Amino acid sequence: MPRDTRKPDTMFQTFEASTSPHTGAERLKHLRNELARRGLDGFLVPRADAHQGENVAPADERLAWLTGFTGSAGLGLVLADKAGVEVDGRYRLQAIAQCDTTVFTPVHVPPATSGRWLAENAPEGAMIGYDPMLHTADQIKALDEVLAAKGAKLVKCQSASGAPDNPIDAIWADQPTRPAAPIVPHPLEFAGVASADKRAALAESLRKAGLAACVLSLPDSIAWLLNIRGADIARTPVMLAFAIAYDDESVDLFVEPARITPALAAHFGPAVRAIAPADLGAVLRALEAPVGVDMASAPVWISDQLEHPRPLTDPCRLPKARKNTAELAGLRAAHLRDGAAMAEFLFWLESTATKGDLTEIDVVTKLEAIRATSNQMTDISFETICGAGPNGAIIHYRVTEDTNRAVTPGELLLVDSGAQYLDGTTDITRTVAIGTAPPEAVAPFTRVLAGMIDMSRIRFPEGIAGAHLDVLARAALWVAGQDYDHGTGHGVGAYLAVHEGPHGLARRATTPIEAGVVLSNEPGYYREGAFGIRLENLMATLPAEAVEGGDRPMHGFETLTLAPIDRRLIDAALLNSAQLDWLNGYHARVLAEIGPLVSTACQSWLRDACAPIS
């Protein structure tokens, strides 16, 4: 594995506020002038890029540039006299804090209801522009249906030649350049399956479907298929590109040929062709046979170029999610390494934080520094969420120099973090008491823990999806009249995206969970203005096998994450005997597997942190 070559005083995460609410009004005025020039009554500004990415390159941060909102999901809705910013429950507080609410109205939108604010506020017959490279066909179809009652019409913003022509790009004077980071082969020892074998399986699926080719628009799908990794965006080791996979096992990769090094060309062989991105449209238009397109993830612009587009779910998503033996071995190794770092961090935190002179930034900086001592971390897997006291109630809080809060004894601290290693991706959340546990937090913490344990212990038959299991993590909270406004879990990649589809543990997660799928297990509870609680472990789905005393095969979960859970916040009386047995068994495993990897001083602390609870 490559060593971490950063200087000791450099970090992946920085703490400058990248946006300000004070710029919103002026930029909105310029955008409205541009829309008026084009004869448009409104414009859609999504958070996503052309690849529907959660992380986007600086050049694609259009929503943040316009509104100040930096969350990973949202939609700006600009009209001539008002503007809204749609966000889900994770980002409600963040949108209020980051946007100039005198000109942008934060709109809390439950899943699958996007566009209702626009339908309620757009004038009759409005012409609403959108960039066809930034929206999928499914998204546009859903918005069209919502707007139909108003007689409003969605209009593609594109040039006379048919190229996308985004009005924000026309007014963003200092828009950053497109990324072009190095592309490297991903070693077979970590990938587990050769790219040629993956391409052969994909080609066979195309032939069975009667398709000559399919378009791949998700960067992690392309990275998985070709066994490559990149650094075009922060936190996720992918390159931003489109690809066309053919039924003859070849692939056109739309990337500047200058980025193809001799080592990469040798890795690809003759079946993978590098073609300039500017030629994508021409290649698509030349395809006369049926071509598969994922209407839920590919830009609508892609479908527009094809003579015979056929709906096709991205054929890489399921095989990518089913981790093979090598990928699972790598993930276990990564979690041992990461667990040792987390133990050292929690030990440091407990011995330091009660002095009252730490801030959230100090905590994030220390955690990253401890992880970096392995010399094997290539990046963090997302911006660390470190919320002290009431900041913990902001679900996707990111500390900046402006928001940096003291870590105060008697309060809770929520730390959600992860790392990227060549052999795996990690994601872990621990909520800890700083000194004495606040009494009002103990019961909800224990209920959150009960939900995480029940999800960890469950066995389930073939065909069960995350939507069936989600209630397990919420049951203890529901009985107390409590809940949380996010899914219980998401898929996780193998040195790829920390949020990976199509599986999840949530009401909308309908894809059956299969062996090898890695999921997060992260119930929570948030009391606005007071504290936030979340506990998160990653789990790998075990193959279905007969359960002793049962009459049919059942899947189960193997917990990958190994780090102690704060015993000071647990009320054992609220846990049943099976939950206590699981917790004590988990802590015994943490001590046995992580103990030998940490310092002598940390070992002593870890023994106490993992002591059985009766």
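User: What radius of gyration does the chain have, against the value that a compact globule with 614 residues would have?

Analyst: The model is a predicted one, and the chain has 614 residues, for which a compact globule would have a radius of gyration near 25 Å. The C-alpha atoms fill a box of roughly 70 × 55 × 55 Å along the principal axes. The value for the chain agrees with that of the compact globule, being 24 Å.

User: What percentage of the residues of the chain count as buried?

Analyst: A residue counts as buried when its relative accessible area is under 20%. The accessible surface of the chain comes to about 24,000 Å², with 54% of that belonging to carbon and sulfur atoms. Of the 614 residues, the share that counts as buried is 55%.

User: Among contacts between residues at least 6 apart in sequence, what share joins residues at least 24 apart?

Analyst: The chain contains 19 helices and 29 strands. When the contacts between residues at least 6 apart in sequence are taken together, the share that joins residues at least 24 apart is 71%.

User: Which strands stand at the edges of the six-strand open sheet, and why is one side of each left without a neighbour?

Analyst: The six strands follow the order E12-E11-E10-E8-E13-E14, with mixed pairing. Neighbouring strands of this sheet are turned by 25° against each other on average, direction ignored. Each edge strand has a single partner strand, so one side of it has no neighbour in the sheet, and the two in question are E12 (272–275) and E14 (309–311).

User: Which residue in E11 is the bridge partner of Ala 245?

Analyst: Strand E10 (residues 242–246) and strand E11 (residues 251–254) pair in the antiparallel sense, over four bridges. Within E11, the bridge partner of Ala 245 is Val 251.

User: At about what angle to E10 does helix H8 run?

Analyst: Helix H9 (residues 219–226) packs on this sheet, touching E8, E10, E11 and E12, and its direction makes about 130° with that of E11. Helix H8 (residues 195–209) lies across E8, E10, E11 and E12. The angle between H8 and E10 is about 70°.

Definitions and conventions
Residues are numbered from 1 along each chain as its sequence is written. This is a predicted model: local features need pLDDT of at least 70, side-chain atom pairs count only at pLDDT 80 or more; totals for chains, interfaces and linings use all residues. Side-chain values use heavy atoms; hydrogens and water are left out. Two strands pair if DSSP finds at least two bridges between them. Axes are lines fitted to C-alpha atoms, for helices over the stretch in contact, and angles run from 0 to 180 degrees between N-to-C directions. Contact means heavy atoms within 4.5 Å. The radius of gyration is taken over C-alpha atoms; the globule rule is 2.2 Å times the number of residues to the power 0.38. Buried means under 20% relative accessible area, exposed over 50%, partly exposed in between (1.4 Å probe, protein chains only). Accessible areas come from the Shrake-Rupley method with a 1.4 Å probe; for residues, only the protein chains shown count as cover.
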